[in-house]
Amino acid sequence: MRNFGVSNHTPGQIELLKRSLNQPLVVNQVQLSITHSPLFAAGIAANMAGLDQSIDRDNGLLDYSRLNDMTLQAWSPFQKAFFDGVFLGDRENFAELNDVLDELAAAYGVTPTGIAVAWITRHPANIQVVLGTTTPSRVVESAAGSEIPLTREEWYRLFTAAGHTVP
Ligand SMILES: NC(=O)c1ccc[n+]([C@@H]2O[C@H](COP(=O)([O-])OP(=O)(O)OC[C@H]3O[C@@H](n4cnc5c(N)ncnc54)[C@H](OP(=O)(O)O)[C@@H]3O)[C@@H](O)[C@H]2O)c1
């Protein structure tokens with residue numbers, strides 16, 4: 001049997017769809033990168049009045065997915081926002097993030113692309129990364145990064161260097 005999933009669905013939409021299905025929904029593909037991460041960012045800043053980051057834009061999708069054994073897949077893993085180009089090497093808008101990416105890449109012997117992938121795969125939700133590159137070497141770099149066990153400190157350094165808040 002082939003696996004069946006959805007994309008950009010909220011927990012409520014998934015529950016509604018499940019009422020009409022007789023097979024499990026195993027994946028949900030959502031936009032996620034270090035710079036576009038409401039999936040993580042809202043929960044990290046939960047309950048903070050006046051902080052845009054604390055707005056829950058997906059009705060608790062991260063926790064719902066983990067509690068219901070649905071695998072999240074990250075689309076646009078290197079995009080700044082919605083098809084705005086990649087943050088990798090964009091020193092005009094993401095200088096601090098690129099500094100940290102370069103530093104960690106050197107420390108782990110991979111490329112910044114690999115560290116950007118590691119930031120997603122390091123999360124305990126076991127998120128899969130949907131690459132959009134047509135450049136074979138970037139696929140190799142990404143695969144190498146998926147094996148990197150970033151420390152929690154490194155993970156949060158990348159998160160805050162991208163402009164997010166850790167209250
Ligand atoms: N489910 C959904 O709603 C949804 C929405 C959008 C996308 N997707 C899926 O997600 C996949 C990935 O999306 P995406 O293409 O936006 O993701 P991405 O992997 O973040 O971006 C890849 C694009 O950025 C370019 N790029 C430029 N510099 C790069 C660098 N240093 N490192 C890596 N890439 C660089 C790539 O060009 P080169 O090819 O020249 O490397 C490619 O055009 C798509 O192919 C699609 O299957 C799903």
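Gln31 counts as buried in this predicted model, because its relative accessibility is 11%, and buried means under 20%. The residue is found in strand 2, which covers residues 27–31.

The surroundings of Gln31 come from several parts of the chain. Leaving aside neighbours within four places in sequence, Gln31 is in contact with Asn8, His36, Trp75, Ser76, Ala81 and Phe82. Two polar contacts involve the side chain of Gln31. One goes to the side chain of His36, at 3.4 Å. Another reaches the backbone oxygen of Ala81, at 2.7 Å. Val130 lies 99 residues away from Gln31 in sequence, yet their C-alpha atoms are 9.6 Å apart in space.

Val130 leads on to the sheet. Trp75, one of the residues in contact with Gln31, stands opposite Val130 of strand 4. Strand 3, made of residues 71–75, runs parallel to strand 4, and three bridges join the two.

What does the secondary structure of the chain come to, counted in helices and strands? There are seven helices and four strands. Along the sequence they follow the pattern β-α-β-α-α-β-α-α-β-α-α. The chain has a radius of gyration of 16 Å, while the globule rule gives 15 Å for 167 residues; the two values are close, so the chain is as compact as a globular protein of that length.

Other values describe the chain as a whole. Taken along the principal axes, the box filled by its C-alpha atoms is roughly 50 × 45 × 30 Å. Of the 167 residues, 41% count as buried, and Gln31 is one of the residues that count as buried. Among contacts with a separation of 6 or more, 63% are between residues 24 or more positions apart. The chain exposes about 9,200 Å², of which carbon and sulfur atoms supply 51%.

Key: Residues are numbered from 1 along each chain as its sequence is written. This is a predicted model: local features need pLDDT of at least 70, side-chain atom pairs count only at pLDDT 80 or more; totals for chains, interfaces and linings use all residues. Side-chain values use heavy atoms; hydrogens and water are left out. Two strands pair if DSSP finds at least two bridges between them. The radius of gyration is taken over C-alpha atoms; the globule rule is 2.2 Å times the number of residues to the power 0.38. Buried means under 20% relative accessible area, exposed over 50%, partly exposed in between (1.4 Å probe, protein chains only). Contact means heavy atoms within 4.5 Å. Accessible areas come from the Shrake-Rupley method with a 1.4 Å probe; for residues, only the protein chains shown count as cover. A polar contact is a pair of N or O atoms within 3.5 Å; within protein, one must be able to donate a hydrogen and the other to accept it, and residues adjacent in sequence count only if both atoms are side-chain atoms.
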